[in-house]
Amino acid sequence: MGPAGTGKTFLALDRTNTGSRSYFDPYHWNEGSDVHFVDGHDEASLAAGLTDLARRLTVGGAATDGDNRPYGRSAPEDLALSALVHSPKSWVLLVDGLDDPRMAARAWSPAGLLRPNLRQAFRDGFGQIVVTSRLADREAWPPWITVTPVDPLPAASAGEQLRHRCGAAAGTAPEAEHLAARLGGHPLALRMAGNHIRVSSTPKAAVNACAYRDYEALLDADAARRGDSGTSTSCGAPGAGTPRLETLAAVCELALDLADRRGIPEARQILRLLSWFSAASFPSELLIPEELDRLVPGLSGDHPDGDLAPWFTGGELHVAVRMLRGLGLLHTFGPDRAIDKQDRYLAVDPAVAQVQRDALAADPGQAAVFRAAAVELLHRQAVSAGSDPSQAWWWPVLLPHVQALVRHLPTMDRASAERLRDTAGRVADGLRRDGQDAAAALLRSSIEGMGAG
């Protein structure tokens with residue numbers, strides 16, 4: 001538990017990671033391992049995510065509630081817990097972003113996901129539920145829930161994290177600790193800075209022996225460009241006086257600058273487009289290169305007059321995603337639905353997405369372009385899934401991303417708002433046909449509550 005920008009999602013995945021530590025990315029767990037991610041930012045996303053989880057864990061996906069409609073009457077929490085209890089493997093359920101006090105109170109009610117005496121239903125070591133939340137006050141949670149505050153790492157531990165990622169050749173331990181203190185001791189910023197140092201070295205050359213000092217020089221130059229003093233702190237007090245999101249924003253921009261220098265300027269545009277989606281994962285096939293080329297002007301340069309062929313290709317998208325992943329700005333993995341398709345699913349850390357949206361706030365016109373593109377991509381997939389019953393699994397996948405954009409509805413132009421309204425209606429209809437009545441009703445209610453219904 002802790003405020004925005006402290007890396008709660010990152011640490012939660014790290015502590016529950018079942019994947020290989022040799023290629024450390026806590027989002028990149030082994031394919032087929034039972035780690036389940038559910039968006040907890042709103043009721044509709046939580047309900048759809050839990051129902052979809054129950055469906056995937058139920059053998060054959062054919063369980064019904066007695067009237068031949070799958071899961072229509074049972075509460076999503078009951079369905080998910082029942083399916084988890086009967087799961088043959090160890091499992092972890094990560095509920096990300098349970099920040100609303102009302103939703104948190106509902107979660108630990110007698111019928112909630114974190115209900116009293118929940119541990120009695122599970123065998124020791126068989127499963128665990130991990131929740132990330134900004135509600136750090138212990139009084140917001142009942143005594144049977146273990147609350148772990150997320151705080152900056154001490155200077156020595158933070159320096160060790162950097163040295164572990166960059167190697168001893170990158171500089172001395174005091175230099176690593178000094179940079180770690182400059183970064184506030186926050187695990188997410190440390191990881192991204194370490195990735196930057198590692199990626200900036202070439203395969204034929206070792207990591208620069210002055211890498212930590214060189215990175216601090218980049219931070220100084222970035223602060224000078226922004227007219228900021230670039231608060232540097234002593235190794236004994238990591239992050240004192242340094243706003244977490246401001247520090248993370250600087251680290252993100254330096255990483256995207258590196259992508260520019262590597263000849264991949266579209267990496268910045270792809271990340272800023274994805275920042276409008278939810279923290280929940282989404283299939284990579286949502287990103288169609290031809291559609292991106294059409295929706296994001298200048299993604300691969302200006303088109304000559306009369307040239308209608310797409311310039312942005314699948315290969316370029318793959319390169320951009322690979323660079324973003326290498327820098328720690330984007331995460332890729334392949335859950336059970338795509339066990340034979342490596343890196344099918346994508347996810348952006350919520351703090352990274354927030355600083356990208358903050359950066360776009362200085363250019364409302366550009367922000368509107370990326371936001372409209374995100375709406376259009378979701379609408380395209382909703383139309384496609386609606387024509388094929390076998391694609392019903394898309395409805396709970398799309399829902400949290402629709403909800404994330406709904407939260408920005410008041411700032412949208414009329415065309416984008418109407419497009420999003422139509423998308424939400426299609427997703428709600430799909431959920432209802434699939435028996436997820438509660439999620440469908442909550443989605444419609446959220447749209448109407450924002451004045452678009």
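**Close-up views of a predicted model**

**View 1. Arg-272 and Glu-253 form a salt bridge, with their closest N and O atoms 2.8 Å apart.** A salt bridge here is a side-chain nitrogen of Lys or Arg within 4 Å of a carboxyl oxygen of Asp or Glu. Side chains of opposite charge can pair when their charged atoms come close. This pair links distant parts of the chain, 19 residues apart: Arg-272 sits in helix H10 (residues 266-274) and Glu-253 in helix H9. Helices (H or I, at least four residues) and strands (E, at least two) are DSSP runs, numbered from the N terminus. Arg-272 and Glu-253 are both buried; buried means under 20% relative accessible area, exposed over 50%, and partly exposed in between (1.4 Å probe, protein chains only).

A note on reading these views: the model is predicted, local features need pLDDT of at least 70, side-chain atom pairs count only at pLDDT 80 or more, and totals for chains, interfaces and linings use all residues. Residues are numbered from 1 along each chain as its sequence is written, and side-chain values use heavy atoms, leaving out hydrogens and water.

**View 2. A network of salt bridges links Asp-222, Arg-225, Glu-253, Asp-257, Asp-260, Arg-268 and Arg-272.** How many salt bridges does a search of the whole structure find? The search finds 21.

**View 3. Helix H8 (residues 211-225) packs with helix H9 (residues 244-261).** Their axes are 10 Å apart and meet at an angle of about 105°. That makes H8 roughly perpendicular to H9. Axes are lines fitted to C-alpha atoms, for helices over the stretch in contact, and angles run from 0 to 180 degrees between N-to-C directions. Angles under 35 degrees count as roughly parallel, over 145 as roughly antiparallel, 65 to 115 as roughly perpendicular and the rest as oblique. From H8, Tyr-215, Leu-218, Leu-219, Asp-222 and Arg-225 meet Ala-250, Val-251, Glu-253, Leu-254 and Asp-257 of H9; contact means heavy atoms within 4.5 Å. Six of the residues in this contact are nonpolar, none is polar and four are charged. Here Ala, Val, Leu, Ile, Met, Phe, Trp, Tyr, Cys and Pro count as nonpolar, Asp, Glu, Lys and Arg as charged, and the others, Gly among them, as polar.

**View 4. Arg-182 and Glu-216 meet in a salt bridge through their side chains (3.1 Å, N to O).** Arg-182 belongs to helix H6 (residues 173-182) and Glu-216 to helix H8, so this pair joins distant parts of the chain, 34 residues apart. Are these two residues buried or exposed? Both Arg-182 and Glu-216 are buried.

**View 5. The side chains of Arg-419 and Glu-376 form a salt bridge (3.0 Å, N to O).** Arg-419 lies in helix H16 (residues 414-433) and Glu-376 in helix H14 (residues 364-386), so the pair ties together parts 43 residues apart in sequence. Arg-419 is partly exposed, with a relative accessible area of 34%, whereas Glu-376 is buried at 17%.

**View 6. Glu-43 lies in helix H2 (residues 43-57).** With 35% relative accessibility, Glu-43 counts as partly exposed. Glu-43 and Leu-443 are 400 residues apart in sequence and 8.5 Å apart in space, C-alpha to C-alpha. Not counting residues up to four places away in sequence, Glu-43 touches Met-103, Arg-106 and Leu-442.
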